[in-house]
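Take a moment with the sequence and the 3D view. Then follow the text from one part to the next.

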Amino acid sequence: MDELRAELVALLPRLRRFARALARNAADADDLVQVALERALAHAAQRRPDSQLAAWVFGILRNAWIDEQRARGRRARLFVPAESGAEIADAAGTAAPELLAVQQALARLPEEQRLAVALVLIEGLSYKEAAHVMEVPIGTLTSRLARARETLQSLLGATEANG
Amino acid sequence: MSFSEETLIAYADDELDAATRAAVEAAAAADPLLAQRIAQQRALRARLRAAFEPVLAEPVPERLLAAARGAPTRERADNVIEFQARPRPRWSWSQWGALAASLVLGVFLGPLLLRPAGAPVDTRGGRMLANVALSRALSEQLAGTAASAAPIEIGVSFRARSGAYCRTFVLREAGSLAGLACRERSAWQVLALAPAEGTSSAGGGYRQAASALPPPVARALDELIAGEPLDGAAEAAARAHGWKP
């Protein structure tokens with residue numbers, strides 16, 4: 001258990017990066033990481049001995065994200081959504097412009113495509129590992145990646161020359 | 001030889017077997033356009049990775065270090081919707097009485113009842129029921145239709161797993177409270193009630209509708225809801241049938 005905790009601490013920077021690719025702002029991303037850590041420690045016994053720690057915790061974080069999206073989707077319809085504007089302003093104040101531009105492009109992708117991009121392009125997981133985390137066949141992962149890349153090329157391509 | 005976009009992407013992602021990889025490289029050497037398409041895929045990957053690289057160098061917040069070490073901590077960043085950290089208990093309808101008692105009476109309603117404006121509920125037979133004004137709004141008002149000056153706004157309507165209809169609401173005049181009530185035995189039973197978030201407490205002036213449900217109410221909603229909230233047509237139909245399951 002102590003070994004697992006030490007490994008989780010070592011994995012924290014990558015977990016935060018992965019969550020940052022999914023969530024819309026840094027605070028939400030860190031909350032997501034915290035939930036994933038709590039769940040990982042609570043379910044440590046269920047981890048298969050041969051599974052990579054990173055892939056296992058990424059899977060937990062992904063599930064936590066999906067749970068949160070469902071709950072948020074319901075809440076978003078409850079009251080006046082005053083959120084989006086504030087979030088962009090918040091992000092603009094703290095994030096580097098390049099990160100902001102990339103995050104905004106990612107935000108335009110459907111959830112499942114964004115997950116595929118975060119796992120493969122940003123976290124550098126293999127197709128096999130990423131498909132395992134997302135619980136889909138490799139063919140599904142690669143077609144999501146292809147569609148996501150097409151969208152991202154068109155969104156980011158125009159600014160690339162300036163960057 | 002021509003290659004599909006997926007093959008080129010797999011090449012850029014270093015996922016091809018040696019033979020296909022060699023074939024792509026040979027073709028790219030002879031075809032500048034193909035080489036350019038591969039370069040674009042690689043550039044995109046490099047750009048995304050570089051953009052997120054600085055996150056790795058950020059100091060990790062103390063609360064996350066504590067969580068990774070398994071330290072008990074409940075602190076979360078302010079003004080962020082609370083995440084569901086633990087598996088949800090599956091409350092049944094028969095347990096709602098207990099849920100209401102612990103949520104509403106014990107924790108949240110106690111202090112609220114002492115407010116000068118009073119509480120929008122009546123206690124009857126151990127149940128917290130909506131008072132006359134709140135009941136009328138819950139029975140008659142459609143979600144999101146209240147004028148900005150209306151004292152009660154209905155947030156969303158949904159069916160609980162028990163089959164009962166439930167609705168969230170915001171009371172603007174009682175010091176701004178948000179809550180959740182379900183139709184049970186011909187009455188609206190209030191199952192959660194808490195000070196609304198995102199409202200200015202400074203006296204007077206226009207209060208904006210809460211942009212987020214208070215966590216206790218959001219939690220109650222998450223526990224109770226079956227499927228998705230009702231759309232406008234389903235809500236109107238439910239109202240026409242008197243909110244009977």
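Gly163(B) takes a positive phi near 105° in the hairpin of E3(B) and E4(B). Five residues lie between the two strands of this hairpin. Strands here are DSSP runs of E with at least two residues, helices are DSSP runs of H or I with at least four, and both are numbered from the N terminus. The model is predicted: local features need pLDDT of at least 70, side-chain atom pairs count only at pLDDT 80 or more, and totals for chains, interfaces and linings use all residues. Residues are numbered from 1 along each chain as its sequence is written, while chains are lettered from A and ligands numbered from 1 in the order in which they are written.

E3(B) and E4(B) run antiparallel and are joined by six bridges. Two strands count as paired if DSSP finds at least two bridges between them. Phe158(B) has Cys166(B) in E4(B) as its bridge partner. E4(B) also pairs with E5(B), again in the antiparallel sense, over six bridges. There, Arg167(B) has Ala181(B) in E5(B) as its bridge partner.

Is E4(B) enclosed or open? Seven of its seven residues are buried, so E4(B) is largely enclosed by the rest of the structure. Buried means that 20 or more other C-beta atoms lie within 10 Å of the residue's own; exposed means 12 or fewer, partly exposed means in between, and the C-beta atoms are placed from the backbone. In a regular strand the side chains alternate between the two faces of the sheet. In E4(B), both faces are covered. Tyr165(B), Arg167(B), Phe169(B) and Leu171(B) are buried on one side. Cys166(B), Thr168(B) and Val170(B) are buried on the other.

Now follow the chain to the loop between strand E5 (177–184) and strand E6 (187–195) of chain B, where Arg185(B) is found. Arg185(B) has a positive phi of about 45° although it is not a glycine. Arg185(B) counts as exposed, because it has 8 C-beta neighbours inside 10 Å. Trp243(B) also has a positive phi, near 60°, and is not a glycine. Trp243(B) lies in the segment after helix H8 (232–240) of chain B. With 20 other C-beta atoms within 10 Å, Trp243(B) is buried.

Next comes a helix. In H6 of chain B (residues 132–140), Leu134(B), Ala137(B) and Leu138(B) are buried. Why do the buried residues line one face of H6(B)? Seen down the helix axis, they fall within an arc of 95°, so they share that face. The arc is that of the directions from the helix axis to the C-beta atoms. An α-helix has 3.6 residues a turn, so residues three or four places apart point the same way. The face of H6(B) turned away from the buried side carries the exposed residues Val132(B) and Glu140(B). The cover over the buried residues includes strand E2 (127–130), strand E3 (152–159), strand E4 (165–171), E5 and E6 of chain B.

Step back to the whole chain. Chain B has eight helices and six strands. Their order along the sequence is α-α-α-α-α-β-β-α-β-β-β-β-α-α. Of its 245 residues, 36% are buried.

What does the largest nonpolar core contain? It has 57 residues, and those with the most contacts inside it are Leu32(A), Ala36(A), Leu61(A) and Val117(A). A nonpolar core is a set of buried Ala, Val, Leu, Ile, Met, Phe, Trp, Tyr and Cys residues joined through C-beta atoms within 7 Å. Helix H6 of chain A (residues 111–122) gives this core its largest share, eight residues. Another core, of 37 residues, lies apart from it; among its members are Phe158(B), Ala178(B), Ala192(B) and Trp243(B). In soluble globular proteins, nonpolar side chains tend to be buried together.

Finish in chain A. Arg144(A) sits in helix H8 (residues 138–160) of that chain. Arg144(A) is buried, with 23 other C-beta atoms within 10 Å. Not counting residues up to four places away in sequence, Arg144(A) touches Glu112(A), Gln113(A) and Ala116(A). Touching, or contact, means that the C-beta atoms of two residues, placed from the backbone, lie within 7 Å. Arg144(A) and Glu112(A) are 32 residues apart along the chain, with 7.4 Å between their C-alpha atoms.
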